[in-house]
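I opened the model today and kept notes as I went. The entries follow the order in which I looked things up.

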Amino acid sequence: MSTEIAEILQRGADGGRITTEEALLLYTEAPFHELGEAADAVRRRRYPEGIVTYLIDRNINYTNVCVTACKFCAFYRAPKHKEGWSHDLDEILRRCAEAIDLGATQVMLQGGHHPEFGVEYYEELFGAVKREFPQLAIHSIGPSEIGHMAKVSEVSIEEAIKRIKAAGLDSIAGAGAEMLPERPRKALAPLKESGERWCEIMEVAHGLGLESTATMMMGTGETNAERIEHLRMIRDVHDKTGGFRAFIPWTYQPENNHLKGRTQATTVEYLRMLATARLYFNEIAHLQSSWLTTGKAAGQVSLHMGVDDLGSIMLEENVISSAGARHRSNLHGLIDMIRSAGRVPAHRNTLYEHLSVHWTPEDDPTDERVRSHVSSIALPLVEST
Ligand code: SF4
């Protein structure tokens, strides 16, 4: 290992700031184990008790109708397509009630850019969920949906955000980031807002008191430099607002869409990205890995690359399942993944507060019904190994 890389790793591990150029150097050239060790040192300093959190939530899709036609998306249907659907409010509330019965503390309401869904639609949706289930955190949508609804209703971004926040939206999920740099974003989603616009909308939302998570989709032909540029764009927003609670990268799933045949990011690339992000995002509190797209084995290794959160059991997920993600787990499996990696599992809420810490197996929850599900549009399940 070069002296330069050793010095950057040490500085990152000690909590110092690393530059974007240094992040690229670490991502592409740092020895794998040393990179993971430095990232894990950051995790240990932040979370010295070794706690790794998980969440119980449900992704509820209100519509698959979408005018944006992203090339990687296997979920959407164009307006007037015979397979297009929208769920009515009663169905969404029924799914929320079911989720609460299984211990969910959060719903992620996600959907396409329906040509008729403006701010009023989201006010009604969030308002109804909040009135009926005030105990559920609504952690939903992203800058793309906000931009779309503002356009449909012909109001400013600021007004759209104020109104949906007043209606009950608690925080922004930050999906739709995919790849923020211009070249890969145009290739993937030419009709979506630019990466710069994504960042601007996040900045406005954070300024109005709506915090969020930030995501990344790897593996559609972007370069290493573009991956790191994505991190830079997110860090620039966070430097101004402090509004990102977590960074959540995942790997592109290649089935049933227009990008078929592109290479997925390898597991090693994914793990290197997690470790680099942990070192680069010194100020962002949490790092979540996606066992849903990479599988339980990679999920477990990620806990040694700086990750402190394994995300959700996902009582329902349809979007990335439609594109080929088939990994599923029950709650015991998820807890076991954490404990057998030498960490302490803890059930958290949307704010990352611990609801219960499972110090020993005797503390584990016992509800066998809590497991990942997919709806009728998703692919057949296989248990992950
Ligand atoms: S990713 Fe979202 S915006 Fe893009 S086509 Fe799919 S549903 Fe529409």
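This is a predicted model: local features need pLDDT of at least 70, side-chain atom pairs count only at pLDDT 80 or more; totals for chains, interfaces and linings use all residues.

**Entry 1: Glu178**

I skipped neighbours within four places in sequence and listed what Glu178 is in contact with: Arg185, Leu188, Ala189 and Met217. Next I placed Glu178 in the fold. I found Glu178 in the loop between strand 5 (171-172) and helix 8 (182-188). Is Glu178 buried or exposed? I counted 24 other C-beta atoms within 10 Å, so Glu178 is buried.

I then checked the record. UniProt, in an unreviewed entry, gives "binding site" at Phe72 and Glu178. I looked at how these two positions sit together. They are spread over 107 residues of sequence, yet they cluster in space, with a largest C-alpha distance of 9.7 Å.

**Entry 2: Phe72**

I moved to the partner position. Phe72 sits in the loop between strand 2 (57-61) and helix 4 (89-101). Phe72 has 21 other C-beta atoms within 10 Å, and the cut-off for buried is 20 or more. I therefore noted Phe72 as buried. Leaving out residues up to four places away in sequence, I listed its contacts: Phe72 touches Leu188, Thr220, Tyr252, Asn257 and Leu259. Leu188 is in the Phe72 list, and Leu188 is in the Glu178 list too.

**Entry 3: around the ligand**

Which residues are around the ligand? I wrote down Cys66, Thr68, Ala69, Cys70, Cys73, Phe75, Tyr76, Gly112, His113, Ser144 and Ala189. I sorted this shell by class. It has seven nonpolar residues, four polar residues and no charged ones. Ala189 is one of the shell residues, and Ala189 is also in contact with Glu178.

**Entry 4: phi angles**

Most residues other than glycine have a negative phi. Ala69 has a positive phi of about 50 degrees and is not a glycine. Ala69 is in the loop between strand 2 and helix 4. I counted 16 C-beta neighbours inside 10 Å, so Ala69 is partly exposed. Ala69 is also among the residues around the ligand.

Lys80 also came up. Its phi is near 75 degrees, a positive value in a residue other than glycine. Lys80 lies in the loop between strand 2 and helix 4. How many other C-beta atoms lie within 10 Å of Lys80? I got 8, so Lys80 is exposed.

I went back to the record for another annotation. The unreviewed UniProt entry puts "binding site" at Ser290 and Ser312. They are spread over 23 residues of sequence and cluster in space, the largest C-alpha distance being 9.0 Å.

I found Ser290 in the loop between strand 8 (286-287) and helix 12 (291-294). Ser290 is buried because 24 other C-beta atoms lie within 10 Å. Not counting residues up to four places away in sequence, Ser290 touches Ile248, Trp250 and Gly311.

Ser312 is in strand 9 (residues 309-312). Ser312 has 21 C-beta neighbours inside 10 Å, so I marked Ser312 as buried. Where does Ser312 make contact, leaving aside its neighbours within four places in sequence? I listed Tyr54, Leu55, Ile56 and Asp57.

**Entry 5: fold and core**

I stepped back to the whole protein. I counted 15 helices and eleven strands. Of the 385 residues, 51% are buried. I took contacts between residues at least 6 apart in sequence; 80% of them join residues at least 24 apart.

Nonpolar side chains tend to be buried together in soluble globular proteins. I looked up the largest nonpolar core here and found 103 residues. Val107, Phe247 and Leu274 have the most contacts inside this core. Helix 11 (residues 267-280) gives the most to the core, with eight residues. I followed up Phe247. Its contacts, leaving aside neighbours within four places in sequence, are Ala214, Ile234, Ala277, Phe281, Ile284 and Leu287.

**Entry 6: confidence**

The protein averages 90, and 90% of the residues score at least 70. I flagged residues 374-385, where the pLDDT is below 50. Beyond near neighbours in sequence, this stretch has 24 contacts in the model.

Methods:
Residues are numbered from 1 along each chain as its sequence is written. A residue is near a molecule or strand if its C-beta atom, placed from the backbone, lies within 6 Å of it. Ala, Val, Leu, Ile, Met, Phe, Trp, Tyr, Cys and Pro count as nonpolar, Asp, Glu, Lys and Arg as charged, and the others, Gly among them, as polar. UniProt positions are given in the numbering used here, feature names are shortened, and annotations may be inferred rather than shown by experiment. Helices (H or I, at least four residues) and strands (E, at least two) are DSSP runs, numbered from the N terminus. A residue is buried if 20 or more other C-beta atoms lie within 10 Å of its own, exposed if 12 or fewer, and partly exposed in between; C-beta atoms are placed from the backbone. Two residues are in contact if their C-beta atoms, placed from the backbone, lie within 7 Å. pLDDT is the predictor's confidence in each residue, from 0 to 100. A nonpolar core is a set of buried Ala, Val, Leu, Ile, Met, Phe, Trp, Tyr and Cys residues joined through C-beta atoms within 7 Å.
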